[in-house]
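I opened my notebook to look at how two chains meet.

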Amino acid sequence: MRVVIVGCSRVGVMLARDLAAKGASVTVVDPRPESQHLLGRDVPVQTVVGTGIDLDVLEKAGAGEVEVFVALTDRDNLNLVSAQIAKQKFQVPKVIVRIYNPELRPFSEQLGLETYCPTVCTTDFISQQISGPGGAPSCT
Amino acid sequence: MIVVGGGKIGYHLTKALAESGHEVLLLEKDPVRHRWLEENLGAEAVMQADGSDPSVLEKVGIRRASVLAAVTGSDEDNIIACQLGKQFFGTPRVVGRVNNPKNEPTFRLLGIRSIINSTALVYHLVEQGVGVASVIPLLALREGAVEFVELIIPAGSPAVGKQLKDLALPTETLIVAIIRGDRMIVPGGQDALREDDSVIAMTSPQNVQKLNESLLGA
C-alpha cells in the first residue's frame with residue numbers, strides 16, 4: 001500500500017511510522033526540512049519538503065500513484081484544499097482529512113472526504129467519562 | 001455583498017463598494033486589524049469573524065448575498081471561503097484572490113473561475129511589451145481566452161477622426177465602450193474616436209499588440 005501524508009504533525013509522525021512498520025510505502029509532505037529527523041531514521045519513510053497545496057510538490061511525493069492520502073496539518077483550510085487536490089487531480093481512491101472545526105464537517109463530507117474531527121471525538125470521550133458508560137459513542 | 005479579509009485589498013474594496021451604494025459587509029478575523037477597520041469604515045460595515053467558517057457565513061446572511069469576495073493573504077482560506085459560498089451556500093458570484101501565482105491552477109481545479117491575480121496582471125503588462133500607461137488590462141475571462149483592455153487615445157493617434165468601421169482593427173476584437181468625459185457611449189460603426197477618449201475593448205491576448213498599434217499608433 002502506498003500512502004501520502006501531508007503534515008508532519010504528532011499524528012503524522014505516528015501514523016507514518018505505524019504504516020511503514022507494517023510495510024506500506026509512505027511519503028510525508030511538510031514545509032519543514034527537519035521533518036525527516038522527526039520521523040526517525042529507523043523506518044523507511046520518504047519526505048518531500050514543501051506545502052501540501054503545491055501541485056508540483058504533491059506530484060513529486062507521488063500523489064498520483066497512491067491508494068491513500070491523509071491531510072494532517074494543523075490548518076483545516078489547508079487540509080481541505082490539499083485533500084481536494086488529491087481527490088480531483090490525482091484521483092486518489094481514499095482521501096482522509098482531519099478537521100478541527102466541527103462546522104466544516106458537512107462541507108468536507110459533501111466533498112467526498114473521509115472526515116475526522118478531534119473536537120467532536122474528544123468532547124464525546126470526556127462526556128462519556130463524566131456521565132459514565134451507557135451512551136453510544138458517536139465520534140464522527 | 002460579503003468581503004472576506006480586511007487587508008489593504010479588502011479595505012479598499014469594501015470602501016469603494018459602500019461608496020457606490022452597495023450593501024457590503026467585511027469580515028476580518030484579527031481583532032487588532034478589525035478595530036482599525038471599524039474606525040475607518042464604520043462598525044456596521046465590519047465584523048470580527050473568520051469568513052472561511054460556514055457558521056459565520058450563515059450568520060452574516062450568505063444565503064442572501066449576491067457576491068462573496070475572498071481577498072485574504074492566504075490562498076487556502078480564499079479557496080475555502082469561495083467554495084463555501086459557491087458550492088455550499090449557492091452564492092451567485094464568488095471572486096477569489098490568488099496570492100501565490102503558482103496556486104492559480106488550484107483555484108480553477110476547485111471550481112473558482114473569477115480570480116484576482118495581481119502578479120499575473122503585472123506580468124501580462126511586462127510580457128506584452130506595451131508601455132504601462134497605454135494598455136490597461138481589465139479582466140481576463142475563460143482562462144485568459146478573452147481579454148478586456150482599456151486604452152486612452154492620445155493626440156496624434158491614427159484612430160482620431162476616423163469612423164470605427166474604417167479603423168484597421170485586428171480580428172476577434174470589439175470596441176465595447178467609449179468613455180468620453182463622464183459619458184459612456186456604446187459605439188456603432190459610424191462613431192469616431194477623439195483624443196482623450198477612453199476605449200474599452202474586448203479582444204484575444206494575441207491581438208492586444210495589434211490593437212495597440214491601430215488605436216495608439218505605437
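Entry one, the model. I noted at the start that this is a predicted model.

Entry two, the contact. I looked up how many residues each chain brings to it. Chain A gives 20 residues and chain B gives 20 residues. I then checked the area: chain A and chain B bury about 1700 Å² between them. Carbon and sulfur atoms carry 60% of that.

One of the salt bridges joins Asp54(A) to Lys102(B). Their closest N and O atoms lie 3.2 Å apart. I also looked up polar contacts and found nine residue pairs between chain A and chain B, both residues at pLDDT 80 or more.

Which elements of chain A give two or more residues to the side that touches chain B? They are α3 (55-60), α4 (76-88) and α5 (105-110). I see that α4(A) gives the most, with seven residues. I sorted this side by class: ten residues are nonpolar, five are polar and five are charged.

Gln91(A) is not a glycine, yet its phi is positive, about 55 degrees. I placed Gln91(A) in the loop between α4 and β5 (94-98) of chain A. Is Gln91(A) buried or exposed? Its relative accessibility is 57%, over the 50% cut-off, so Gln91(A) counts as exposed.

I found Glu172(B) in the loop between β8 (146-152) and β9 (174-180) of chain B. Glu172(B) counts as exposed because its relative accessibility is 57%.

Key. Residues are numbered from 1 along each chain as its sequence is written. Chains are lettered from A and ligands numbered from 1 in the order in which they are written. This is a predicted model: local features need pLDDT of at least 70, side-chain atom pairs count only at pLDDT 80 or more; totals for chains, interfaces and linings use all residues. Side-chain values use heavy atoms; hydrogens and water are left out. Contact means heavy atoms within 4.5 Å. Buried area is the accessible area (1.4 Å probe) that two parts lose on being put together, summed over both. A salt bridge is a side-chain nitrogen of Lys or Arg within 4 Å of a carboxyl oxygen of Asp or Glu. A polar contact is a pair of N or O atoms within 3.5 Å; within protein, one must be able to donate a hydrogen and the other to accept it, and residues adjacent in sequence count only if both atoms are side-chain atoms. Helices (H or I, at least four residues) and strands (E, at least two) are DSSP runs, numbered from the N terminus. Ala, Val, Leu, Ile, Met, Phe, Trp, Tyr, Cys and Pro count as nonpolar, Asp, Glu, Lys and Arg as charged, and the others, Gly among them, as polar. Buried means under 20% relative accessible area, exposed over 50%, partly exposed in between (1.4 Å probe, protein chains only).
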